[in-house]
Amino acid sequence: MLIDFVAPRDLDLTDLTLPVLILNDGQDLTALSFFSAIDAGTKKSLIVPFVTFAIHAADRLHEYGVSGIPDYSDRGSRAHLYHLFLRDELIGKIFPSCGLKHKTSLTIMAGCSLGGLSALDFTWQHPDLVSIVAAFSGSFWWRSKALDDGYTQADRIMHKRINETPVCPAISIWLQAGTEDEKTDRVGSGIIDAIADIHDLMIELKNKGFTAENLVYHEIDKGQHNQETWGKALQVFLAWGFNKISRL
């Protein structure tokens, strides 16, 4: 597993308690204009010093997804192993090897597309490890049945997981979509699936007790399913996430 470790210059990594961002698809740091986002946020005093573990994707179609529930094509079949890596290896061993003290309230996770689905699922299942999560154009269409195999909206896997969770986790969620994320509208609602799936996900979350305090939706006009759009969203999310951390 290849991981880019990003830390502020001249930081003494010895027994530190710092905000940490865990980022899926870490191979896209440059395409996301990640360093520009940090510089912009720092100059405007919107973010504080933090470290990032940018995890390069391996077999993302199988390692990302909803843990324990592959989709109709058996994609996401190793998502549970990725969860174990994040919990036991990254947070359990790599954090302390870098001199970092893990603190749940200071741990953020984010991802784009399928990586966003993965980030939300991990945070949802591990609120003892991560407190804030962002999904940029998250793949919330992830479903247990193919469209031509009797599919209904109830077959969306992440929606079902949230619906069937008895106790709402104490986390904060930031969701983003672009109005040009795609053109598909599988139910003929007049709203593209990328946005409709998020709207439906938010209904499930609000039914669990989420409010504007811990659930945000950010829509980018003419935003597309690409790193350029997600890079713009990243700047907004970091400002929101670090504002929440500063109030803890």
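Before that, a word on the model, which is a predicted one, in which local features need pLDDT of at least 70, side-chain atom pairs count only at pLDDT 80 or more, and totals for chains, interfaces and linings use all residues. Residues are numbered from 1 along each chain as its sequence is written, and side-chain values use heavy atoms, with hydrogens and water left out.

Let me begin with helix α3, residues 79-97, and helix α4, residues 114-125, which pack at an angle of about 60° with their axes 11 Å apart; helices here are DSSP runs of H or I of at least four residues, strands are runs of E of at least two, and both are numbered from the N terminus. The axes are lines fitted to C-alpha atoms, for helices over the stretch in contact, and the angles run from 0 to 180 degrees between N-to-C directions. α3 and α4 are therefore oblique to each other, given that angles under 35 degrees count as roughly parallel, over 145 as roughly antiparallel, 65 to 115 as roughly perpendicular and the rest as oblique. On the α3 side the contact, meaning heavy atoms within 4.5 Å, is made by Y82, H83, L86 and R87, and on the α4 side by S118, D121, F122 and Q125.

On to the next neighbour. The axes of α4 and helix α5, residues 157-164, come within 11 Å and cross at roughly 15°, which makes α4 roughly parallel to α5. Here L117, L120, D121, W124 and Q125 of α4 meet M158, R161 and I162 of α5.

Finally, what surrounds A110, leaving aside residues up to four places away in sequence? A110 lies in strand β4, residues 107-112, and is buried, with a relative accessible area of 0%. The residues that A110 touches, with that exclusion, are L21, I22, L23, N24, A119, A134, F136 and F237. As for I173, which is 63 residues away along the chain, its C-alpha atom and that of A110 are separated by 9.9 Å.

Notes. Buried < 20%, exposed > 50% of the residue type's maximum accessible area, 1.4 Å probe, protein only.
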